[in-house]
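Student: I have a model open and want to learn how to read it. Where do we begin?

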Amino acid sequence: MSALLKVDGVSKRFRGLIAVDRVSFQVPQGAIFAVIGPNGAGKTTLFNMIAGNFAPDNGTVSFAGERIDGLPPDQICRRGVGRTFQIVRPFPMLSVEENVIVGALLHRHHARDARVRAHEVLRRLDLYDKRTQRASALTLPDRKRLEVARALATDPKLLLLDEVMAGLRPTETDRIVAILKELNSETGLTVLLIEHVMRAVMALASRILVLHHGAAIAEGAPEEVVRNPAVIHSYLGAEDVA
Amino acid sequence: MMARLIDGVPRRVLILLGIVVAALVLAPLVASDYLLTVLIVILYFAYLGQAWNIMMGFAGQLSLGHTLYVGLGAYAAAALYVHYGIGPWIGMLAGIPIAGIAGAFIGYLAFRFRVGGVYFAILTIGFAEFARVGFDHLEWTRGTGGLFLPVAQYAHNDLWHLRGHPVMFYYVLLAAVALAFVGCRVLLQSRIGYFWLAIREDEEAARSVGIDTFRYKMVAVVISAAMTSFAGVIFAFYYNNLFPDQVFHISRSIEIILGPIVGGIGTLFGPILGAFVLTGLAETLTSALNALGVDLPGAKQVFYGVCLLLVIVAMPDGIWPWLARYIGLKGDRS
């Protein structure tokens, strides 16, 4: 499998703090790849460099064979990278449907076509019945799914999910896991997720990268990674493995 | 096209709208001269409010210097008329692009260097003030002495030169309000309208779904500035005199934005409704005070202040969203 996303030695420094330190990994086409690590490990910073919110100080990010590091977020999205935000930010005063239409309009020129696509995505994410509600009126789990829906509507090749399961009940988590698995198997969508909820990570990811203090301390298949002593020590803690 | 415009609008709202439009079309037949001048002012502010609303209500960019574009349109058309006898409809072919370019320049400065929110508002005030001082010293437009358009008794209305009875101005403005309304509705339902709303709601999230926010904010400011300058042309030919100190004064910019705020920012009917409520009630108040023999300078301004306070406290979204619910419109952005 060829790599859809290739991150090569990226670093990001905020004043004296090295948030991300020479991290490299590759996400193959069609994979579900997870980045885990304790709070402050640099996961979101890594994401922001891939999505274009920050340019890396060093290193390169390539998507589908082309350098994308340093490009602004809108251009990266147009190339096929969709993202969600850790702290959800749907367009609050717009309806659920309109939120998703905005995403769908990226590659469609008429609102009518975008609405068709938006309905398709909303059905997939179980939000169709709530399409006329204002985004600000939704519950947190619904808003999280709306973020995913809006990103999906842009027809991404790679979807970046920043802690979409955080704060959800286990049943809600299972629901999103099921939706993502379905998307991955049916449409071949490649997913890169940051996640704390190990239940979701273990169910979804084919490969895991562990960050600690900005550096990659382990990478591999889920079963290997959770047995890695360094990972247990820095992140999982003894009882989580059992 | 027509079918799409009224798509999804309930029948009774269309009927109501038809009645309002018919009343406005027929109004000059029964209105007194005084009432007609009040209606002209209302339509003038309804149109300007609609133009300003594109920037603030749709794209979320607060301009407090919109009178700059009014003034540029007014001065360009009036000066061409005074100096070369060029009629307003030709003159606006210069005035509108000039305003558009001014808007583009301010927008470029602001959006390229990420000047947003209050700072953007201050920048727009700054440019309007700059124009006010600049025009004071511009000989071509007669500086502080004021630019006067020749006035005579006209036997009949000359639409081509906008010389004649106020009724003519009334219909020109009515047509402008109608066109602006339809234009804004079309924009709002199109791709660009959705992108504007996304930018207004959350610019970073808008960028993350692939929207080139710089580009769409530029389009908003240019369209808004160009539309606004048309009202300036009408202003010049209606009042026949222009003074930098009046045309470019910040209070003019504030007047433009009061209507949409009271009526409902980001709505299509809001600017029109706001203009009717504010100007209508203020004029009623003035004439009532006159009838009572009370002379209170500034009563109108106090009234505007009270209106703003009431709306902000009781209906922070403006009157239209409340009214829309009342008449059973699913009044999100009608």
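Tutor: Begin with one residue and its contacts. This is a predicted model. Leaving aside residues up to four places away in sequence, A:Ala114 touches A:Ile101, A:Ala104, A:Leu105 and A:Arg108.

Student: Where is the place of A:Ala114?

Tutor: A:Ala114 has its place in helix H4 (residues 111–124) of chain A.

Student: Does A:Ala114 count as buried or exposed?

Tutor: Count neighbours. A residue is buried if 20 or more other C-beta atoms lie within 10 Å of its own. A:Ala114 has 24 C-beta neighbours inside 10 Å, so it counts as buried. A:Glu98 is 16 residues from A:Ala114 along the chain, and their C-alpha atoms are separated by 9.6 Å.

Student: Now step back to the whole of chain A. How many helices and strands are there in chain A?

Tutor: Chain A has 10 helices and 10 strands. Its radius of gyration is 18 Å, and the globule rule gives 18 Å for 242 residues, so chain A is as compact as a globular protein of that length. The C-alpha trace spans about 50 × 40 × 35 Å along its principal axes. Of the 242 residues of chain A, 47% count as buried.

Student: What share of the contacts in chain A with a separation of 6 or more comes from residues 24 or more positions apart?

Tutor: In chain A that share is 63%.

Student: Next, sheets. What is the strand order of the open sheet of four strands in chain A?

Tutor: Read a sheet by order, then by pairing. Here the order is E2-E1-E4-E5 of chain A, and the pairing is antiparallel. Strand E2 (17–28) and strand E5 (66–67) of chain A stand at the edges. Each has a single partner strand, so one side of each lacks a neighbour in the sheet.

Student: How many bridges pair strand E1 of chain A with E2(A)?

Tutor: Eight bridges, in the antiparallel sense, pair strand E1 (residues 3–14) of chain A with E2(A). A:Arg13 has A:Ile18 in E2(A) as its bridge partner. A:Phe14 stands opposite A:Leu17 in E2(A). The two strands form a hairpin with two residues between them. In the turn, A:Arg15 has a positive phi of about 50°.

Student: What about E7(A): how many of its five residues are buried?

Tutor: Five of the five residues of E7(A) are buried, so the strand is largely enclosed by the rest of the structure. Look at both faces. A:Leu158, A:Leu160 and A:Asp162 point one way, A:Leu159 and A:Leu161 the other way, and all are buried.

Student: Which strands pair with E7(A)?

Tutor: Strand E6 (residues 81–83) of chain A pairs with E7(A) in the parallel sense over three bridges. There, A:Gly82 has A:Leu159 as its bridge partner. Five bridges join E7(A) to strand E8 (residues 190–194) of chain A, and these two also run parallel. A:Leu160 stands opposite A:Leu192 in E8(A).

Student: How do I read the domains of chain A?

Tutor: Take the bounds, then the contact. The domain assignment gives domain 1 (3–80 + 156–241) and domain 2 (92–155) of chain A. Their C-alpha centres lie 24 Å apart. In the contact, 11 residues of domain 1 of chain A meet 12 residues of domain 2 of chain A. Helix H2 (73–79), strand E7 (158–162) and helix H6 (170–187) of chain A each supply at least two residues of the domain 1 side. H6(A) gives the most, with three residues. By class, that side has eight nonpolar, one polar and two charged residues.

Student: And between chains, how many residues does the contact take from chain A and from chain B?

Tutor: It takes 23 residues from chain A and 17 residues from chain B. On the chain A side, H2 and helix H3 (96–104) each supply at least two residues. That side divides into 14 nonpolar, three polar and six charged residues.

Student: Which residues of H6(B) are buried?

Tutor: First the general idea. An α-helix has 3.6 residues a turn, so residues three or four places apart point the same way. In H6(B), the buried residues include B:Phe120, B:Leu123, B:Thr124 and B:Phe127. Their cover includes helix H4 (67–84) and helix H5 (88–112) of chain B.

Terms used. Residues are numbered from 1 along each chain as its sequence is written. Chains are lettered from A and ligands numbered from 1 in the order in which they are written. This is a predicted model: local features need pLDDT of at least 70, side-chain atom pairs count only at pLDDT 80 or more; totals for chains, interfaces and linings use all residues. Domain bounds come from an automatic or database domain assignment. Two residues are in contact if their C-beta atoms, placed from the backbone, lie within 7 Å. Ala, Val, Leu, Ile, Met, Phe, Trp, Tyr, Cys and Pro count as nonpolar, Asp, Glu, Lys and Arg as charged, and the others, Gly among them, as polar. The radius of gyration is taken over C-alpha atoms; the globule rule is 2.2 Å times the number of residues to the power 0.38. A residue is buried if 20 or more other C-beta atoms lie within 10 Å of its own, exposed if 12 or fewer, and partly exposed in between; C-beta atoms are placed from the backbone. Two strands pair if DSSP finds at least two bridges between them.
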